[in-house]
Amino acid sequence: MKRFIEGENRFQSTLFPESLEDYIAEDNSIRIVDAFVDKLNLKALGFDRAEPSDTGRPGYLPATMLKIYIYGYLNRIQSSRRLERESYRNVELIWLTGRLMPRFKTIADFRKDNRKAIRRVCTEFVGVCRELELFSATLVAIDGSKFKAVNSRDKNFTQKSVKRRLQKTQANIDRYLAKLDAADREEPEIREVNAAELKQKIASMEAKMEQLKAYEAEVEAHPDSQVSLTDPDARSMMKAGGGSTVSYNVQSAVDSKHHLIATHEVTNAPSDRSQLSSMAGQAAAALDAKALTVIADPGYYKGEEIVDCYAAGIKVLVPKTDSSWAKARGRYSKADFHYDAEQNEYICPAGQRLTYRFDSVEHGKTQWVYMTYQCSSCPLKSQCTTGKAKRIKRWEKEDILDAADALLKQNPDAMRQRKRLVEHPFGTIKYWMGSTHFLMKRLPNVQAEMSLHVLAYNMRRAINVLGVAKIMEQLQVA
Ligand code: SF4
């Protein structure tokens, strides 16, 4: 007999489980959310109203609100309105909150009022993962990714974009004025209709010009030379595949053992160049690492940052970028000169030795200058320098950069390893976020939002690696 699987009749009387507890299986991941939050000292973490007040209407326990948020981010329900809806109908959330159903405004205010404390909760879970030995604490990959802000490109103004829009608007005005001239040659009744329409368009374009000029003045006065109207902290940033987007630059340090995020940071710096030492230092602190090596892409290469990492006892694997003007113009760059550390001399492509001559200070950095007297008679001179003699400069701390280069050469697989490590966390989080990425405006709010995403990612990852029972054991023991 042909048939389908059929559901129960809605009017059939059934015996539901007697307690909410019976609905939640032993290996349900929300048990970890519950046990983890209950273990936290919310007052010490800085949560608002961690102690009940003597007067006024009693508020919700911060633990309840935090559980709602962690559950939401674990299950891709990030908006406060959706969380309110889920608290009425979602059995897991009902179990987690003990049937409390806060209004969406209360839920939204909790995230807004506890931004720093939420960030600390994320760090606390990294501590749990450390106790569970989920980190190698020896090798992390640092990477940055652009996450879209609540600000469209039309509402962002840079010097270049405002100039382009001014030119376009002026061109429109010129076009309408030319049409107005042409309309004068038409029949009177058509002329009047067309002229009125064109004058209206010209007036609207002139008003737009005035507005754009006001934005131009704002852009010029702004320290970052750009203005975002919807989220003033968001910045126009280049995308990896070309083009630009109004975003935040999210930095993360991913541990090599299980791809867990050791630490993260949300910035509005358009480039990664000044992030290395800060991220490496934060990762070392979060992992309590005694001997840490960090891998990063060439976008992080900056001498001062690498020197700071070595000063903090952190080794660095970052490929050098050769962006010299000489190379771009088809001449030898510094990379074509070999440094002889023993003799403190450079050997040029013609085999001549450039010896130390004098010091110079550039942008606060002491540079040693090397030269040879052989350049005037050198057959390679046109490929080497446009001056009388080639000068090679060496920063006084360049031996540290040479040590970093040597370490990279000993680890030829480092860049492939970096890619494997960083792609998983950012790919997963962006997939969870959907196409809109951040929901909140302003940097401190976005930082709290990202911390919840990172916490959810680490929690999900830890569950996948160890299972619920093992983590529960750790949370109940500690
Ligand atoms: S120009 Fe001077 S530094 Fe350059 S290759 Fe010739 S000798 Fe060497």
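Author: Here is a short tour in questions and answers. Before we start, this is a predicted model, where local features need pLDDT of at least 70, side-chain atom pairs count only at pLDDT 80 or more, and totals for chains, interfaces and linings use all residues. Residues are numbered from 1 along each chain as its sequence is written.

Reader: Is the protein more spread out or more compact than a globule, and what is its radius of gyration?

Author: The secondary structure comes to 16 helices and 13 strands (DSSP runs numbered from the N terminus: helices are H or I, at least four residues, and strands E, at least two). For 478 residues the globule rule gives 23 Å (2.2 Å times the number of residues to the power 0.38, with the radius of gyration taken over C-alpha atoms). The protein sits well over that, so it is more spread out than a compact globule, with a radius of gyration of 30 Å.

Reader: How far apart are the centres of domain 1 and domain 3?

Author: The bounds come from an automatic or database domain assignment. It gives domain 1 (20–113), domain 2 (139–150 + 234–321 + 406–452), domain 3 (153–228) and domain 4 (325–395). Taken over C-alpha atoms, the centres of domain 1 and domain 3 are separated by 51 Å.

Reader: Is L83 buried or exposed?

Author: L83 lies in helix α3 (residues 80–89). Leaving aside neighbours within four places in sequence, L83 is in contact with I68, G72, I77 and I107 (contact means C-beta atoms, placed from the backbone, within 7 Å). Buried takes 20 or more other C-beta atoms within 10 Å, exposed 12 or fewer, and partly exposed falls in between, again with C-beta atoms placed from the backbone. L83 has 24 such neighbours, so it counts as buried.

Reader: And D174, is that buried or exposed?

Author: D174 belongs to helix α7 (residues 159–183). Its C-alpha atom is 52 Å from that of S278, 104 residues apart along the chain. With 12 C-beta neighbours inside 10 Å, D174 counts as exposed.

Reader: H259 has a positive phi although it is not a glycine; is H259 buried or exposed?

Author: Phi of H259 is about 60°, and the residue sits in the loop between β5 (244–255) and β6 (261–267). Because 20 other C-beta atoms lie within 10 Å, H259 is buried.

Reader: H363 has a positive phi too; is H363 buried or exposed?

Author: Phi of H363 is near 50°, and H363 is in the loop between β11 (353–362) and β12 (365–371). With 5 C-beta neighbours inside 10 Å, H363 counts as exposed.

Reader: Which residues come nearest to the ligand?

Author: There are 13 residues around the ligand (near means a C-beta atom, placed from the backbone, within 6 Å). By class the shell has seven nonpolar, four polar and two charged residues (nonpolar: Ala, Val, Leu, Ile, Met, Phe, Trp, Tyr, Cys and Pro; charged: Asp, Glu, Lys and Arg; polar: the others, Gly among them). Coming nearest are C348, C375, C378, C384 and K390.

Definitions and conventions: Two residues are in contact if their C-beta atoms, placed from the backbone, lie within 7 Å.
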